[in-house]
Amino acid sequence: MTPVQNQLVETVLQRFGPKAATTDAEAIAPWLSDWRGRCHGEAPALLSPGSTEEVAAIVGLAAEAGVPLVPQGGNTGMVGGATPPADGSALLVSLRRMNRIRALSPVSNLAVAEGGVILADLRAAAEDAGRRFPMDLGARGSATIGGLVSTNAGGTQVLRFGTMRSLVAGVEAVLPDGSIHNGIAALKKDNRGYDLNQLLIGAEGTLGIVTAATLRLVPGIAARAVAWVGVESPAKALDLLRMLEGGTNAVESFEILPEKTLELVLRHVPGTRRPLATAHDWHVLIEAVTTDPAAEAPAALLERLLAPALAGLAGDAVIAASEAQAEDFWRIRHSISEAERAGGPALQHDISVPVEDMPRFMVEGGAEVEARFPGTEAVAYGHLGDGNVHFHVRAPRGVDPQAWYAEDGPRISRHVHDMVVAAGGSISAEHGIGQMKRDELARLSAPSRMTALRAIKAALDPHNILNPGKLVTLAPDAARP
Ligand code: FAD
Ligand code: MLT
Ligand code: ZN
């Protein structure tokens, strides 16, 4: 620890007590690597403020001393955004102690949650009040509101409710100079120039530390139905979605996975079972929901709409007969990341292309990568209805993972990203840029985009205090030709 860092930590301990900082290497260790184990860093201290004022004081002290800070929530991010740099130059700032739901009103349909509130806790609190917070993902037991806002997270309910951006009605954050931005009020109309709240959503901790957010709630559900459908191709799956949408607006989730991914989950996640009797090349999980107790039950609705699909679009289908079975189906979907992590070395690409082109991209793109990089296996799964899939390229059997990541990894990822750009898509649909996609963002973005991103960062954080080296560098990127 440098003398300047040490001084900062001592001041924090004196002013805010022993809970606000630790230098204990064992306590810090779990927070130095990302969830997938691809990024590793060092930090001599972990700061854990307990209030917005404490965050503001810490950032103010850091700005004065020139000590960089890395904001962190649940550390479930997929692009190394919350992993500190390897040289120990930055201190970690965890929001996890700030876990209060300040308000939750079924009248206004709003909740005000601090940055460290865990997604599952907010969902449970909303349900207790007869409402829902319609954002869900496999990391719901650890991911925090601050992290979800800062990555503009997606998940499995985007089809109906949009990404985090459409669920955020207000933001409170500490800016890089230590000042507090109070944008927490849920104003339906507010045209005071540039929208700072919107800038902070998806900023990955590079422009501010999100201390609280006002979040939109939706009515609680009267009933839901979850179906598992076997299909022959992503094209048939998309046709199925369009057919369902023609008959109802009750479909909230529509997730696709290939047989290979299902097999991986069944192999690595105890207690999971194949939902259909036989194998199918592709599988789709569908959830339909109603908020109206008098409306047609979602199970009957899905049965009615899926019956004609069995004549061509779908190979087989089952509707969960109980809540427990519905949860079993969802468990398979939400365990894919865990199974992929256990399944061996693989490169993850979180991509989007225009929805109508995604079926072609999944099939032809996968085949092209496998042909060009012999021994690899390409699998794509996820949020088909959003035009976003996770396009994973698994390493050939028997390779040394570290050597493969270092030597072949960048070439393969560049190729996948080039295909995505050629298809008019995005190299980050929902996980953000962090450190893993930073150079690719610079390589593949129009100069106008990179100039604007750098100008925003330089204007708000000229001394590079918040999450330096993530998303965008202040200096012109070497990667740009
Ligand atoms: P962290 O990982 O701690 O941080 C993520 C980024 O946000 C970092 O750049 C960090 O510096 C910044 N940050 C964190 N807290 C703050 C704050 N308070 N203020 C400012 N910056 C902050 N993501 C999806 O979008 N869709 C999915 O379907 C999905 N599924 C997942 C499933 C699993 C099993 C896992 C492990 C992850 C999944 N993710 C998914 C990724 C991850 O859960 C999200 O990116 C989530 O938003 C990260 O929240 P977090 O609190 O863990 O943030
Ligand atoms: C998902 O949809 O499961 C995720 O975003 C996580 C992943 O990419 O594995
Ligand atoms: Zn996803």
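The protein chain has 18 helices and 18 strands, taken as DSSP runs (H or I over at least four residues for helices, E over at least two for strands) and numbered from the N terminus. The model is predicted: local features need pLDDT of at least 70 and side-chain atom pairs count only at pLDDT 80 or more, while totals for chains, interfaces and linings use all residues. Residues are numbered from 1 along each chain as its sequence is written, and ligands are numbered from 1 in the order in which they are written.

The C-alpha trace spans about 70 × 55 × 45 Å along its principal axes. A compact globule of 481 residues would have a radius of gyration near 23 Å, and the chain agrees because its own value is 23 Å; the radius is taken over C-alpha atoms, and the globule rule is 2.2 Å times the number of residues to the power 0.38. Of the 481 residues, 48% count as buried, that is, with 20 or more other C-beta atoms within 10 Å of their own, the C-beta atoms being placed from the backbone.

The UniProt record, an unreviewed entry, places the feature "domain: FAD-binding PCMH-type" at residues 39-220; such annotations may be inferred rather than shown by experiment. This span is 24% helix and 24% strand, and its end C-alpha atoms lie 39 Å apart.

Around ligand 2 stand Met78, Gly138, Ile336, Ser337, Glu340, Gln348, Asp350, Gly382 and His390, each with its backbone-placed C-beta atom within 6 Å of the ligand. Helix α13 (336-342) and strand β16 (346-352) each supply at least two residues of this shell, and α13 gives the most, with 3.

How values were computed: A residue is buried if 20 or more other C-beta atoms lie within 10 Å of its own, exposed if 12 or fewer, and partly exposed in between; C-beta atoms are placed from the backbone.
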